Amino acid sequence: MKFLSINTAGEAVEAALYADGKIFYKTDASFKKAGTVLLSFIDELLHAAQTDLKDLAFIAPVTGPGSFTGIRIGLTTARAFAQFTQVGLVPVTHCEVLSYNAVSPCETVITLSDAANGLAYVAAFDGKTREVLMPPKALKTQEIAAFIRLIDEPHIVCADSVTLPFAAGASKNLVAHAYNGLPLIAAANAAYKKRGCTPYAQVVPLYVRTSQAEEAAL
């Protein structure tokens, strides 16, 4: 099986291609470069894997939460490819991707990611099935440690580099997001097995908080 997963919602741009047991991966540390590097990343991955878009089983775009502009770039790209090639889409959340950094068995996986303006996105998953226990919500970064300390059951906290320091001291099990394509591929594959493909017109952004422009208008 071959499939492509793209993540433009986090602190970095990521693109990963799974092709018959091999993972091909590209990343750029700045999410602000999504509009300039994503298409070239995808082209390079397809070339490296000696395959074509039309040969993919599906494309898995990350729908959010995260960078508003980044999300739109990723979804627009994925939907355009799906419409042109008829390849199915498998939407995945950024929180799901982060959760697959946890490779050790545990009861609960907590994910943390930057939401800007002193906020962080927090979500919780079953450690075995990755079923959602708590959908993503925005917390103030200074509230993160107190939130984690309320969790009694064994858990792992998976976070990006921005939010990881805010969990330090509140949990003994902290894992930073691995920029190697493995969490991205694992989340996409699991979502495909659980939910199958979604018509491209029904794949929409996951916005948890209002944008800065919307907040300024209030």
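Colleague: Where does A78 lie?
Modeller: A78 lies in helix α2. Helices (H or I, at least four residues) and strands (E, at least two) are DSSP runs, numbered from the N terminus. Mind that this is a predicted model: local features need pLDDT of at least 70, side-chain atom pairs count only at pLDDT 80 or more, and totals for chains, interfaces and linings use all residues. Residues are numbered from 1 along each chain as its sequence is written, and side-chain values use heavy atoms, with hydrogens and water left out.

Colleague: And why does A78 count as buried?
Modeller: Buried means under 20% relative accessible area, exposed means over 50%, and partly exposed is in between (1.4 Å probe, protein chains only). A78 has 0%, so it counts as buried.

Colleague: What is A78 in contact with?
Modeller: Contact means heavy atoms within 4.5 Å. Leaving aside neighbours within four places in sequence, I6, I59, P61 and L89 are in contact with A78. A48 sits 30 residues away along the chain, and its C-alpha atom is 20 Å from that of A78.

Colleague: How do you know that C106 is buried?
Modeller: Its relative accessible area is 10%, so the buried label applies to C106. C106 is found in the loop between α3 (94-99) and β6. Beyond four places in sequence, C106 is in contact with G127, K128, P154, H155 and I156. I156 is 50 residues along the chain from C106, yet their C-alpha atoms are separated by 6.9 Å.

Colleague: What makes A146 partly exposed?
Modeller: A relative accessible area of 45% puts A146 in that class. A146 is part of helix α4 (residues 144-149). A146 and F58 are 88 residues apart in sequence and 40 Å apart in space, C-alpha to C-alpha.

Colleague: What is the phi of D20?
Modeller: Phi of D20 is near 50°, a positive value in a residue other than glycine. Most residues other than glycine have a negative phi, and most peptide bonds are trans. D20 lies in the loop between β2 (13-19) and β3 (22-28), and with 55% relative accessibility D20 counts as exposed.

Colleague: Which residues does a cis peptide bond join?
Modeller: G64 and P65, with omega at about -5°. P65 lies in the loop between β4 (58-61) and α2 (68-85).

Colleague: What makes a set of points a pocket?
Modeller: On a 1 Å grid over the protein atoms alone, a pocket is an open set with protein on both sides within 12 Å along at least five of seven lines, and lining residues have an atom within 4 Å of a point. Grid points are joined across faces, edges and corners, and a volume is the space filled by probe spheres set on the points. The largest pocket has a volume of about 320 Å³. Its lining has 20 residues, and the closest to its centre are F31, G66, S67, A115 and A116. Strand β6 (residues 108-116) gives the most to that lining, with 4 residues.

Colleague: How compact is the protein chain?
Modeller: The chain has 7 helices and 10 strands. Its radius of gyration is 17 Å, close to the 17 Å from the globule rule for 218 residues, so it is as compact as a globular protein of that length. The radius is taken over C-alpha atoms, and the rule is 2.2 Å times the number of residues to the power 0.38. Of the 218 residues, 51% count as buried.

Colleague: Where does pLDDT stay under 50?
Modeller: Over residues 213-218, for which the model has 3 contacts beyond four places in sequence. pLDDT is the predictor's confidence in each residue, from 0 to 100. Where pLDDT is low, the predicted coordinates should not be read in detail. For the protein chain, the mean is 94, and 96% of residues reach 70 or more.

Methods:
On a 1 Å grid over the protein atoms alone, a cavity is a set of points where a 1.4 Å probe fits but cannot get out, and a pocket is an open set with protein on both sides within 12 Å along at least five of seven lines; lining residues have an atom within 4 Å of a point.
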